[in-house]
Amino acid sequence: CHPKRASPEQLQAIERECQDADLIDFQYYKTALTLLERYPWLKEKKKLLSIYNPYCLEQSDWSDFDLVLAPNKEIYEKLGELTTTPVEYVPLTVDTDFWTYNQDWQPNNNIIMVCNRIEGKKGVLPVAKACKELELNFHLVGAISDANYFNEVVQTGAIFHQQISDEELRDLYYKSTVYVCNSVDRFESGTLPLLESMLCGVPILSRKVGHTPELNNGENMVIHEGDPEDVEALRDLLHDMVINK
């Protein structure tokens, strides 16, 4: 959790816990930098920082941390150029006992996207428009970040699933023909749903974002090389995937 503005009660709890801690593991860079500025004594503590946001890499030299963790190779290599702080590559993972392969997968007209924050940078609307043109069922799972953008998406006929369980999500994967990741460059570190989809046996259409380049072996997914807003290109790729079992 990283609230945009911490309450006094949250700050008191953070201060109390950090003063007693021998090691602090920060999971969000803005929270870490804000607290270091507010509490200078934190600089004397041993600190880890996991960086999941590719767009933030040049916002600090990260020298106030003892170790920085990178979830994909792009972030790992870039940090190696930007900081003298030790950097370790720890790839993102999901539960392989839960997200299991669907041996009875059958192609259908269901396309799925999963977004923790439904907003323009996720490239949802162009996919929704492409699905509408192809008369495909577009299933969108996630939370609304930009209400106006979300309304444009649902007006295409998208089927929205909010606050569903992991079991319900797994069932949606099993009933889907293609999983799509269409985020803009330098916005993703993962995504975790891409890993979940692959484990469930859902064919993947993704741009080269996050950990996609290191997962792609040239045969295990289809790469969208173009602009994430290019509805025509998305339509052609989806059409080819749906008709080609």
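A: Helix H4 covers residues 124-134, and its buried residues are Val124, Leu125, Pro126, Val127, Ala128, Ala130 and Cys131. Here "buried" means under 20% relative accessible area, "exposed" over 50%, and "partly exposed" in between, with a 1.4 Å probe and protein chains only. Helices (H or I, at least four residues) and strands (E, at least two) are DSSP runs, numbered from the N terminus. As a general rule, an α-helix has 3.6 residues a turn, so residues three or four places apart point the same way.

The model is a predicted one: local features need pLDDT of at least 70, side-chain atom pairs count only at pLDDT 80 or more, and totals for chains, interfaces and linings use all residues. Residues are numbered from 1 along each chain as its sequence is written, and side-chain values use heavy atoms, with hydrogens and water left out.

The buried residues of H4 pack against strand S5 (110-118), strand S6 (137-144) and strand S8 (178-181). They also pack against two helices, H5 (147-154) and H9 (231-243). A contact in this account means heavy atoms within 4.5 Å. After H4 comes Glu135, which has a positive phi, near 60°.

The strands that H4 packs against, S5, S6 and S8, belong to an open sheet of six strands in the order S7-S6-S5-S8-S9-S10, with parallel pairing. Its edge strands, S7 (159-161) and S10 (222-223), each pair on one side only. Two strands are said to pair if DSSP finds at least two bridges between them. Within this sheet, S8 and strand S9 (residues 204-206) run parallel and are joined by three bridges. Tyr179 is placed opposite Ile204 of S9.

Parallel pairing is also found between other strands. Strand S2 (residues 46-50) runs parallel to strand S3 (residues 67-70), and three bridges join them; Leu48 stands opposite Leu67 of S3. S3 in turn pairs with strand S4 (residues 87-89) in the parallel sense, again over three bridges, and Leu69 has Glu88 in S4 as its bridge partner. From S3 the chain crosses through helix H3 (residues 73-82) to S4, forming a right-handed β-α-β crossover. Right-handed means that, with the strands pointing away from the viewer, the path from the first strand over the helix to the second runs clockwise.
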